[in-house]
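Reader: I am new to reading structures. Please take me through a single part of this one, slowly and closely. Where should I look, and what should I see there?

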Amino acid sequence: MSSQTPGSNPYIPDPYAQGGTTAAGASSAPPSGARVGTIVWGLIIVALAALIIIAQLGIVTLNGTYVLIGLMIGAGAALVLGGLLSARKRDNGPTTRKS
């Protein structure tokens, strides 16, 4: 039998520890908010569904190639912009690295 307490071994996580952190010091809690990619893909699906409904109603005729190109350009721009905004929001903390 071992006389060690559950949290004394650095290689075995303590199941009773409060607010555990990872080795890098970051919280193990999931990030809050939705991911940019999830929002962009949701908007693509909604836009595609709206365009299909409009085309089926006969309000306007659509060229499938142009619709696909437009959706991909919009999705790419939204992903880049969302990534930049997310990185900008994350970089507000002070850096502790020596360089």
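**A close look at one helix pair**

Author: Start with the buried residues of helix H2: they are Val67, Leu71, Ala75 and Gly82. Keep in mind that this is a predicted model. What do those buried residues of H2 pack against? They pack against helix H1. So the part to study is this pair, because H1 and H2 run roughly antiparallel to each other.

Take each helix in turn. H1 covers residues 36-57. It has 22 residues. From its first C-alpha to its last, H1 reaches 32 Å, close to the 32 Å expected at 1.5 Å a residue. H2 covers residues 64-90. It has 27 residues and reaches 38 Å between its first and last C-alpha, close to the 39 Å expected at 1.5 Å a residue.

Now put them together. Two packed helices are described by the angle between their axes and by the distance between the axes. Here the axes of H1 and H2 come within 10 Å. They cross at roughly 155°. An angle over 145 degrees counts as roughly antiparallel, which is why H1 is roughly antiparallel to H2. The crossing of H1 past H2 is right-handed.

Which residues of H1 and H2 make the contact? From H1 come Val36, Gly37, Val40, Ile44, Ala47, Leu48 and Leu51. From H2 come Val67, Leu71, Ala75, Ala78, Leu79, Gly82 and Gly83. Sort the residues of this contact by type: 11 are nonpolar, three are polar and none is charged.

Zoom in on Leu79. It sits in helix H2. Is Leu79 buried or partly exposed? Its relative accessible area is 36%, so Leu79 is partly exposed. Set aside its neighbours within four places in sequence, and Leu79 is in contact with Val36, Gly37 and Val40. Compare Leu79 with Ile39: the two are 40 residues apart in sequence. In space they are 9.2 Å apart, C-alpha to C-alpha.

Next, find Ala55 in helix H1. Ala55 has 33% relative accessibility, so it counts as partly exposed. Neighbours within four places in sequence aside, Ala55 is in contact with Val60 and Leu62.

Finish just after H1. There, Gly58 takes a positive phi of about 80°.

Key
Residues numbered from 1 in each chain as written. Predicted model: local features only at pLDDT ≥ 70, side-chain atom pairs only at ≥ 80, totals over all residues. Heavy atoms only, no water. Axes fitted to C-alpha atoms, helices over the stretch in contact; angles between N-to-C directions. Helix = DSSP H or I, 4+ residues; strand = E, 2+ residues; numbered from the N terminus. Parallel < 35°, antiparallel > 145°, perpendicular 65-115°, else oblique. Left-handed = near helix turned anticlockwise from the far one by under 90°. Contact = heavy atoms within 4.5 Å. Nonpolar A, V, L, I, M, F, W, Y, C, P; charged D, E, K, R; others polar. Expected span 1.5 Å × (residues − 1). Buried < 20%, exposed > 50% of the residue type's maximum accessible area, 1.4 Å probe, protein only.
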